[in-house]
Amino acid sequence: NASEELKGKMKLLEGMIGQPTYGTLKSNFEYREIVKDPLVFENCYVLWSGRATNIEYGEEKITFDFLVGYENETVLEGIVFAEVPFQTVINGSTPLEILAQIRYRNGKIILTAVSLRPILK
């Protein structure tokens, strides 16, 4: 509901901030916060743990459904579509952490990965 002028200024600021890393991410939002009002969190970054399922390898990106909070296979907080715009190998049986930017397209929350790492037990 912001003016186009304010939206334009915010886009400029976003370009100056840069992507966080595992060590520099200061604020982390929980899944339940984001699903309440996803547009408020668009373009924010999150660090979530879980598992990947329905993994598809494409020429430009890898896509999968991310099972948020399901790293120990006990509590499933939600399922979010994720895309990885770089080449990597994802093992659906290994829990992982995803550092990703929140996007909101066609009424759905999408995670665009900045980095992935397995959670080793």
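## Fold and core of a predicted model

Of the 121 residues of the protein, 32% are buried (under 20% relative accessible area with a 1.4 Å probe, protein chains only). This is a predicted model, in which local features need pLDDT of at least 70, side-chain atom pairs count only at pLDDT 80 or more, and totals for chains, interfaces and linings use all residues. Residues are numbered from 1 along each chain as its sequence is written, and side-chain values use heavy atoms, without hydrogens and water.

Two helices and five strands make up the secondary structure, in the order α-α-β-β-β-β-β (DSSP runs: H or I of at least four residues for helices, E of at least two for strands, numbered from the N terminus). The radius of gyration, 15 Å, is close to the 14 Å given by the globule rule for 121 residues, so the protein is as compact as a globular protein of that length (C-alpha atoms; 2.2 Å times the number of residues to the power 0.38). The C-alpha trace spans about 45 × 30 × 30 Å along its principal axes.

The largest nonpolar core has 21 residues (buried Ala, Val, Leu, Ile, Met, Phe, Trp, Tyr and Cys joined through side-chain atoms within 4.5 Å). Trp48, Phe64, Phe66, Ile98 and Leu111 have the most contacts inside this core.

Leaving aside neighbours within four places in sequence, Phe64 is in contact with residues including Ala52, Ile55, Val80, Ile90 and Ile98 (heavy atoms within 4.5 Å).

Note on methods
Buried means under 20% relative accessible area, exposed over 50%, partly exposed in between (1.4 Å probe, protein chains only).
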